[in-house]
Amino acid sequence: MPDILSTETLNYLNSLPREENPLLLEMEDYARENYIPILDRNSATLLEILVATSKAKTVLEIGTAIGYSTIRIASVLPDDGKIYTIEKSTDMIPLAERNFDSSGYSKKIILLKGDAIRKLLRLNITFDIIFLDADKQDYLRLLEFSLHLLKKGGLYITDNLLWQGYTSSVEEPPVKYARSTVQIREFNNIFLILNH
Ligand SMILES: C[S@@+](CC[C@H](N)C(=O)[O-])C[C@H]1O[C@@H](n2cnc3c(N)ncnc32)[C@H](O)[C@@H]1O
């Protein structure tokens, strides 16, 4: 697998002192043990910084899973801030709900259950930040259906643009990643020119 960060750099970043929230640690362990792809700690920290420094009050997240990134975002929103998060998996929804209850941030979190395209069509509010972290084959359609919900001057953030290094690798990705690599490359070609 190609590396985005060297193991040495990653070990260094992970060794830096930080405040440890027991619920988040438990969620990180649960995700690792159950192969649930959640944001890595450092990306989640960057997301928190972006939310906090932009003074966002409203965030839309597409792809909740067990609610790890949702809770991290909610933790830096102001008291009257809200994060809407969309999840379609009936396996993930109860886990996310339980974690939201335990987090102490449930008043700031609105979980929309079902397919994101359907939910996006029904939303009639706009957001300071949109965070896209769903199935890669849906990225372009989800971008198309959500972009109009972003406030002017808002931030559109997506995970996986480098797709573990496969999008930039000159070598063929393993079969398992072949289709998603093509899809993310297509997405990147469109997404990056939207900023101009
Ligand atoms: C990578 S995980 C999200 C991880 C989460 N953002 C975190 O970092 O804690 C992607 C999740 O998006 C959900 N998902 C994918 N496509 C979706 C869609 N079209 N509508 C709703 N949920 C979707 C999947 O079920 C999965 O739980």
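## A first pair of residues

Ile 62 stands opposite Ile 86 in S2, where helices (H or I, at least four residues) and strands (E, at least two) are DSSP runs, numbered from the N terminus. Strand S1 (residues 58-62) and S2 pair in the parallel sense over five bridges, and two strands pair if DSSP finds at least two bridges between them.

Residues are numbered from 1 along each chain as its sequence is written. The model is predicted, and local features need pLDDT of at least 70, side-chain atom pairs count only at pLDDT 80 or more, while totals for chains, interfaces and linings use all residues.

## The sheet

The order S3-S2-S1-S4-S5 describes an open sheet of five strands with parallel pairing. Strand S3 (109-113) and strand S5 (150-158) are at the edges with a single partner strand each, so one side of each is left without a neighbour in the sheet. On average, neighbouring strands of this sheet are turned by 20° against each other, direction ignored; axes are lines fitted to C-alpha atoms, for helices over the stretch in contact, and angles run from 0 to 180 degrees between N-to-C directions.

## Helices on the sheet

Helix H3 (residues 41-53) packs on the sheet and touches S1, strand S4 (127-132) and S5, its direction making about 170° with that of S5; a contact here means that the C-beta atoms of two residues, placed from the backbone, lie within 7 Å. Helix H5 (residues 92-103) also packs on the sheet, where it touches S2 and S3, and its direction makes about 170° with that of S3.

S2 and S3 pair in the parallel sense over five bridges, and Glu 87 stands opposite Lys 113 in S3. From S2 the chain crosses through H5 to S3 in a right-handed β-α-β crossover, meaning that, with the strands pointing away from the viewer, the path from the first strand over the helix to the second runs clockwise.

S4 and S5 run parallel and are joined by five bridges, with Phe 131 opposite Ile 157 in S5. Here the chain crosses from S4 through helix H7 (residues 139-146) to S5, and this β-α-β crossover is right-handed.

## Around the ligand

The ligand is surrounded by 19 residues, and the closest are Gly 63, Tyr 68, Ser 69, Lys 88 and Ala 116; a residue is near a molecule if its C-beta atom, placed from the backbone, lies within 6 Å of it. Helix H4 (68-74) and strand S2 (82-87) are the elements that give two or more residues to this shell.
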